Amino acid sequence: MQDVVLFEELNAGDKVIGVATLNSEKSLNALSLAMAEKLLPQLKKWADDDKVACVWLQGAGEKAFCAGGDIVAMYKAMQAEPGKLVEEVENFFTQEYQLDYFIQTFPKPFICWGDGIVMGGGMGLMNGASHRIVTERSLLAMPEVTIGLYPDVGATYFLNRMPQGCGLFLGITGATMNANDALYLNLADHFVGHESKETILTQLKEMEWGNTSALNKQKVTDLLSSVASNDTTALPNPQVEPHQSLITELTAGNDIGDIVTRIVNDETDDKWLARARKNLANGCPFTSHLVWNQLQQGSDLSLADCFRLELTLSCNCAVRGDFAEGIRALLIDKDKNPQWQHSSVAEVPAEEVDAFFLPPWGERTHPLADLDK
């Protein structure tokens with residue numbers, strides 16, 4: 001059995017750089033429970049170790065940083081006990097969100113090498129990093145509409161902070177984003193060509209590290225800005241920004257059914273928009289309602305409260321939602337013909353949506369009650 005996460009410490013003068021590599025190329029480094037269980041304690045150790053100046057997180061291979069969560073394992077657990085909140089599902093989401101939150105609040109420079117595919121669970125890992133690097137090969141998305149889930153991993157927080165309408169549009173369509181889009185939407189901080197990776201690591205090892213986190217974060221920012229300014233790799237053409245006014249127009253209003261109809265019926269001649277429309281038209285109708293309510297309810301929540309809300313939603317999706325059916329159609333039988341519980345967004349009853357926002361733990365304490373303690 002290979003190690004699902006590889007850890008290494010690179011000498012950097014009198015300090016070290018902690019390097020963590022998601023090591024599951026076959027699954028495009030999809031985040032598994034085993035990965036989360038290894039990453040979190042190691043990151044805590046590095047956070048407390050004065051010798052560790054910064055952390056570098058990457059994925060193995062050339063194709064992906066992290067293409068999502070290991071949802072096949074969850075599917076098998078759900079199938080064994082349909083209609084119940086199974087331990088494997090609750091544990092996975094709980095550990096994943098604890099990990100994401102810890103990265104978001106990490107006390108030292110945390111660099112994420114977001115080369116290749118960065119989707120779903122990968123977005124949660126990358127978004128919390130203090131320094132998020134994208135390349136000409138980066139392909140980002142929150143594509144949960146295709147599997148009957150909704151954008152989680154802190155998306156309640158980061159989708160709400162995008163330019164007007166973009167969070168809702170990207171959340172319900174699962175549209176892909178390139179490096180240019182990621183910079184525009186504040187999902188990334190620096191763009192370099194993928195071949196600059198070794199240059200960056202070499203310069204990090206040679207850097208004179210300071211004694212405070214703030215100083216070291218600034219040093220990393222300056223280093224990455226310097227490498228980027230000398231990098232001649234062309235930034236991909238923007239896909240989101242040129243359509244900003246249209247996205248604002250399409251997502252205006254207070255009825256998610258009307259908004260979805262408007263987007264699906266839009267006839268703007270553009271390949272990126274056409275793919276987004278198709279995703280939404282074929283995607284899970286319930287997802288649109290979850291995203292709409294999630295963004296409304298989450299607009300004023302703290303980061304920790306966003307994760308608490310998401311754990312409630314994710315567990316309810318597993319128990320009573322379309323999540324299992326979405327995984328079946330996409331990854332198990334691969335017929336790409338999911339039988340969603342509702343045939344359209346308009347047919348989803350409001351009381352059904354409201355029920356997803358009720359914690360499913362009964363008398364038990366919320367598993368993330370102590371997240372920000």
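Colleague: Which residues of α15 are buried?

Modeller: This is a predicted model: local features need pLDDT of at least 70, side-chain atom pairs count only at pLDDT 80 or more, and totals for chains, interfaces and linings use all residues. Residues are numbered from 1 along each chain as its sequence is written, and side-chain values use heavy atoms, with hydrogens and water left out. Buried means under 20% relative accessible area, exposed over 50%, partly exposed in between (1.4 Å probe, protein chains only). In α15 the buried residues are F323, A324, E325, G326, I327, R328 and A329.

Colleague: How many of the ten residues in α15 are buried?

Modeller: Helices are DSSP runs (H or I, at least four residues), as strands are (E, at least two), numbered from the N terminus. α15 spans residues 323-332 and is mostly covered. The buried count is seven of ten.

Colleague: What do the buried residues of α15 pack against?

Modeller: Contact means heavy atoms within 4.5 Å. The partners are three helices: α2 (71-80), α3 (87-104) and α14 (303-320).

Colleague: Is K334 buried or exposed?

Modeller: The relative accessible area of K334 is 58%. The cut-off for exposed is over 50%. So K334 is exposed.

Colleague: What is the phi of K336?

Modeller: K336 is in the loop between α15 and α16. K336 is exposed, at 65% relative accessible area. K336 is not a glycine, yet its phi is positive, about 50°.

Colleague: How are α13 and α14 oriented to each other?

Modeller: Axes are lines fitted to C-alpha atoms, for helices over the stretch in contact, and angles run from 0 to 180 degrees between N-to-C directions. Helix α13 (residues 285-298) packs on α14 at about 160°, with the axes 11 Å apart. Angles under 35 degrees count as roughly parallel, over 145 as roughly antiparallel, 65 to 115 as roughly perpendicular and the rest as oblique. Therefore α13 and α14 are roughly antiparallel.

Colleague: Which residues make the contact of α13 with α14?

Modeller: α13 passes α14 in a right-handed crossing; a crossing is left-handed if the near helix is turned anticlockwise from the far one by less than a right angle, and right-handed if clockwise. From α13 come L290, Q294, Q297 and G298. From α14 come C306, L309, E310, L313 and C317.

Colleague: What classes do the residues of that contact divide into?

Modeller: Ala, Val, Leu, Ile, Met, Phe, Trp, Tyr, Cys and Pro count as nonpolar, Asp, Glu, Lys and Arg as charged, and the others, Gly among them, as polar. The contact of α13 with α14 has five nonpolar, three polar and one charged.

Colleague: Where around α11 do its buried residues sit?

Modeller: In α11 (residues 256-265), I256, G257, I259, V260 and I263 are buried. They cover an arc of only 160° around the axis, the arc being that of the directions from the helix axis to the C-beta atoms. So they sit on the same side of α11.

Colleague: Which residues of α13 meet α11?

Modeller: The axes of α11 and α13 come within 10 Å and cross at roughly 120°. The two helices are therefore oblique to each other. I256, I259 and V260 of α11 meet S288, H289 and W292 of α13.

Colleague: How are α1 and α3 oriented?

Modeller: Helix α1 (residues 33-48) and α3 pack at about 30°, with axes 9 Å apart. So α1 is roughly parallel to α3.

Colleague: How many nonpolar, polar and charged residues does the contact of α1 with α3 have?

Modeller: α1 passes α3 in a left-handed crossing. Among the residues of α1 in this contact are L33, A36 and E37, and α3 brings N91 and F92 among others. By class, the contact has ten nonpolar, three polar and two charged.

Colleague: Which residues does T268 contact, leaving aside neighbours within four places in sequence?

Modeller: T268 lies in the loop between α11 and α12 (271-282). T268 is partly exposed, at 27% relative accessible area. Its contacts are L246, L273 and R277.
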